[in-house]
Amino acid sequence: MARIELKNIAKSYGTVEVLRNIDLDIQDGEFVVLVGPSGCGKSTLLRMIAGLEPITSGAFEIDGKRMNDVRPRDRDIAMVFQSYALYPHMDVARNMGFSMEIRRDAAEMRKSRVAEAGKTLGLSKLLRRLPKELSGGQRQRVAMGRAIIRDPRAFLFDEPLSNLDAALRVEMRLEIARLHQKLKATMIYVTHDQVEALTLADRIVVLDSGDIQQVGSPLDLYERPANKFVAQFIGSPTMNVVPVSAASGGVILADGTFLALPHLDDTGLAVELGIRPEHIDVVDPDADALAAVADVVEHLGSDTNIYALVEGLGPIMVRVHGNIPAKPGDRLGLRIQAPNAHVFSADGRTLQRDMTGAA
Amino acid sequence: MESRAVITRKQNTVERGETRARRSLYWQYVVEPFVYLSPSIILIGAVMLMPLIIGISYSFQSIELLRPFNTGWIGFENYAKLWADRKFWIALENTFWWTFWSITLQFFLGLGLAMLLNTHFFGKKLFQALVFLPWAVPTFLSALTWAWLFNPVIGPLPHWLTALGILSEPYNILGDPDLALWGPIAANVWFGVPFFAITLLAALQSIPGDMYEAAEIDGASAWQTFTKITLPFLAPMIAITVMLRTIWIANFADLIYVMTGGGPANSTQIISSYIFTTAFRRLDFGYASAIAVVLLILLMIYAVILLVIRKKLVKV
Ligand SMILES: Nc1ncnc2c1ncn2[C@@H]1O[C@H](COP(=O)(O)OP(=O)(O)OP(=O)(O)O)[C@@H](O)[C@H]1O
Ligand SMILES: [Mg+2]
């Protein structure tokens, strides 16, 4: 069990700065997910925590002790690699028990721990197999078994599910959630997948090009994104963003419609409006609403996605719960749910009640 | 167009009936492959099997160029003579030590070099080029150079060995029956290390980096990583290169021939140099063939043993 603190961490490869100003305080037992676009430095950050990459500057502490220059083996942190990194010449049991073999633990103890972990992960029948004789999902479980058998202070996962098919990914996601509940260990998890991030995390850290954009609970990020990047990165389908001009008590859309935003104190700096597809209502085309024409309609069963063209505004995506009988070419009226709208300033910041005073 | 062509062919097959089909099946599966293989079969037969068979048949004949009228089949007489030949047994023992020390030193030095070259250090490229240089020097030249190096009149080695306390006084070890074999072994090690360094370096570089990272996180020390990760990954390559090199070194008489000529007093005679001397100095081809057949059998037994071990060892 461990509390992990990153204080003003930075990482450079030569002159290329990959991460900067990383401040993060991870509580004991917390499940933190790192998300961000490809190349933003998620793996690098994780590898620095594991000790596989030297930390260029800043302080890295576990339970209050500085760990910057401690070797990986002495940090007592387990890592599950994206490639699994199973030892191909060892069978499943030896792969899982390798850390105990290294520590020269008694053979019976190793055996019982391996058997126990094998049972937890449903690998009992496969203990004598080599990694090449396993399916992708089984390999993934072996990689997790190798981590949990050590009973480490913290777990690191680098996109552990990205090599699995969709169904298996859902199954393993639940497995990991269950594991976290059972072990109550600190976990840091890197993923591309929003659903994984939103479902697993106690807190999500959004990274972009080496900077932390926002840290918060899944709901926080969804409801109160700190900036346009987070707003568009979290949530699927992506939030619509349209240009607006500021007006008192609200904003004016490009087609001239005035949208009142009474929940925001000051919209004076607003240049863009963000609205999630699920926060737009479809109403009668002749009602007092934005006039639009459906361009593409996707029926997902539980939801309907409509890509609509709004007069004077351009393309807007709408997500409606349930199955509605819309067809491409249909005329629609769209009404934005004002309380769920976000407005952004020219530098991409979100204008919110608590922030407008400072702005 | 396409579809019509297919239909025509179908009709053909149906019309021509069953016998035809069966014969074409026989042709297709039994005879046809060998027609394609025939160039390689003929080539292998001509350059490998024929000489082998002729060579083996020589070992059962008396073929001495110095006694041309005494030629003929003599059964196992050559082998009986071999059994009683003291020089043969000396050569066999020398072959063993020559091969054993050459391969052992070459392998461990080569492995060390490969591991060194697999890291990063200043001037690595230049060092790498230098390491691989001996491979490019003609055997004959390196043998002569090493012979000179061991000559106390012009070479430094005897003086160094004396300074280190290994020799009592600087003399030429190539002239000492007890030590002479070490001369060619030293030359051979120098000559053969690059081979192991190159092949093992290639094998080292093919080990995925995340294996080492996983081992590091699992807490393995450098030595544990080496024995539990690196060696198992290298095992297939080690088995095959050690086998090839052993066979080659056991047959490799050039260095010995140039440096000591098998002397003094046969103390550096190995089987292959003995074969060479017997065949081309004494011109006794029958007897030389008998020795060659024995060497062939010994090496085949060795290769089989090593391949069995390899199969047991290699899981990847
Ligand atoms: N050894 C290296 N030398 C120089 N630059 C590197 C090195 N390793 C990574 N980088 C750079 O650091 C940045 C972050 O890489 P990182 O692997 O952490 O990205 P990531 O967020 O994990 O991306 P992905 O989601 O694609 O895995 C990238 O721009 C990459 O080009
Ligand atoms: Mg990555």
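Here are legends for a few close-up views of this predicted model.

**View 1. Who sits around ligand 1 in chain A**. The shell takes in Tyr13(A), Val18(A), the run of Ser38(A), Gly39(A), Cys40(A), Gly41(A), Lys42(A), Ser43(A) and Thr44(A), and then Glu159(A) and His192(A). By type, that gives three nonpolar, six polar and two charged residues. Helix H1 (residues 42-50) of chain A supplies the largest share of this shell, with three residues.

**View 2. Polar contacts to ligand 1 from Tyr13(A), Gly39(A) and Lys42(A).** On the nitrogen side of things, a ligand nitrogen atom has a polar side-chain atom of Tyr13(A) 3.5 Å away. Gly39(A) uses its backbone instead: one of its polar backbone atoms is 2.8 Å from an oxygen atom of the ligand. With Lys42(A), it's an N or O atom of the side chain that lies 2.7 Å from a ligand oxygen atom. The protein buries 57% of the 630 Å² that ligand 1 exposes when taken alone.

**View 3. An open, antiparallel sheet of four strands in chain A**. Read across, the strand order is S2-S1-S4-S5. Strands S2 (16-26) and S5 (65-66) are the edges, each pairing on one side only. Zoom in on S1 (residues 4-13) and S4 (residues 57-62), and you'll find five bridges joining these antiparallel strands. One residue pair to look for is Glu5(A) with its bridge partner in S4(A), Glu61(A).

**View 4. Helix H1(A) laid over the sheet strands**. H1(A) lies across S1, S2 and S4 of chain A. Its direction makes an angle of about 120 degrees with S1(A). This is also the helix that gives three residues to the shell around ligand 1.

Technical notes
Residues are numbered from 1 along each chain as its sequence is written. Chains are lettered from A and ligands numbered from 1 in the order in which they are written. This is a predicted model: local features need pLDDT of at least 70, side-chain atom pairs count only at pLDDT 80 or more; totals for chains, interfaces and linings use all residues. Side-chain values use heavy atoms; hydrogens and water are left out. A residue is near a molecule or strand if one of its heavy atoms lies within 4 Å of it. A polar contact is a pair of N or O atoms within 3.5 Å; within protein, one must be able to donate a hydrogen and the other to accept it, and residues adjacent in sequence count only if both atoms are side-chain atoms. Accessible areas come from the Shrake-Rupley method with a 1.4 Å probe; for residues, only the protein chains shown count as cover. Helices (H or I, at least four residues) and strands (E, at least two) are DSSP runs, numbered from the N terminus. Ala, Val, Leu, Ile, Met, Phe, Trp, Tyr, Cys and Pro count as nonpolar, Asp, Glu, Lys and Arg as charged, and the others, Gly among them, as polar. Two strands pair if DSSP finds at least two bridges between them. Contact means heavy atoms within 4.5 Å. Axes are lines fitted to C-alpha atoms, for helices over the stretch in contact, and angles run from 0 to 180 degrees between N-to-C directions.
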